[in-house]
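This report describes the architecture of one protein model, the contact between its domains and a selection of its local features. Please consult the sequence and the structure shown here.

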Amino acid sequence: MSIAERSAGTSWEGPLASGTGRLDSGSGVLTGLDVTWAARTEAPGGKTSPEELAAAAHSSCFSMALALKLGEQQLTPERLDVRSTVTLDEVGGLPTIVSSALVIKARVSGVDAAKFQRIVDDAAALCPVSRLFAGAEISVKAELE
């Protein structure tokens, strides 16, 4: 049995360049999000993209993995700010997600920078979204405040 299953769907109308899509999630949290090719490759203009949603998934997943790994060391984060930047680039003539760069700013008492980095590395190996992106370059820059 799986741990969890979640769903989302997009309804698309028209050709890629001028068409529009509308994304909804099973939970109802992501309701009526507009997606377009222009929002994906040019300026967002109040619309989202698969890369933005992937970045949201990666940052939230990584923050949970890091909180878990800190807890295993009897450390409680006062604050974790995790930001992901997902990059879409052309590879072999095809649009490809090539990287996710994570930047972490953390406030955690009772840990030095070296131990914190080891815990971050453990979280990187644990995060399911990081493993989903296994073919992409994933970088993690973490610092304690």
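How many helices and how many strands are there in the protein? There are four helices and six strands, where helices (H or I, at least four residues) and strands (E, at least two) are DSSP runs numbered from the N terminus. The model is a predicted one, in which local features need pLDDT of at least 70 and side-chain atom pairs count only at pLDDT 80 or more, while totals for chains, interfaces and linings use all residues. Residues are numbered from 1 along each chain as its sequence is written, and side-chain values use heavy atoms, with hydrogens and water left out.

**Overall architecture**

Along the sequence, the elements follow the pattern β-β-β-α-α-β-β-α-α-β. The C-alpha trace spans about 55 × 35 × 30 Å along its principal axes. Of the 145 residues, 29% count as buried; buried means under 20% relative accessible area, exposed over 50%, and partly exposed in between (1.4 Å probe, protein chains only). Among contacts (heavy atoms within 4.5 Å) with a separation of 6 or more, 52% are between residues 24 or more positions apart.

**The two domains**

The domain assignment gives domain 1 (8-41) and domain 2 (50-144); such bounds come from an automatic or database assignment. The C-alpha centres of domain 1 and domain 2 lie 26 Å apart. Four residues from domain 1 and five residues from domain 2 take part in the contact.

Domain 1 and domain 2 bury about 380 Å² between them, with 76% of this on carbon and sulfur atoms. Buried area here is the accessible area (1.4 Å probe) that two parts lose on being put together, summed over both. On the side of domain 1, Leu23, Trp37 and Arg40 lose the most area to domain 2, together 74% of what that side buries.

**Salt bridges**

A salt bridge is a side-chain nitrogen of Lys or Arg within 4 Å of a carboxyl oxygen of Asp or Glu. The whole structure holds six salt bridges, and one is found across the interface of domain 1 and domain 2.

| Pair | Closest N and O atoms |
|---|---|
| Arg40 and Glu51 | 2.7 Å |
| Lys69 and Glu72 | 3.1 Å |
| Arg79 and Asp81 | 3.0 Å |

The side chains of Glu51 and Arg40 meet in a salt bridge. Glu51 lies in helix 2 and Arg40 in helix 1 (residues 37-41), so the pair ties together parts eleven residues apart in sequence. Glu51 is buried at 7% relative accessible area, whereas Arg40 is partly exposed at 31%.

Lys69 and Glu72 are three residues apart in helix 2 and are therefore separated by about one helical turn. Lys69 counts as buried, with 19% relative accessibility, and Glu72 as partly exposed, with 43%. In the remaining listed pair, Arg79 is partly exposed at 43%, and Asp81 is partly exposed at 31%.

**Two individual residues**

Gln74 is placed in the loop between helix 2 (50-72) and strand 4 (77-91). The phi of Gln74 is near 60°, a positive value in a residue other than glycine. Most residues other than glycine have a negative phi. Gln74 counts as exposed, at 68% relative accessibility.

Is Ser99 buried or exposed? Ser99 is buried, with a relative accessible area of 15%, and lies in strand 5 (residues 94-108). Leaving aside neighbours within four places in sequence, Ser99 is in contact with Thr85, Val86, Thr87, Ala136 and Glu137.
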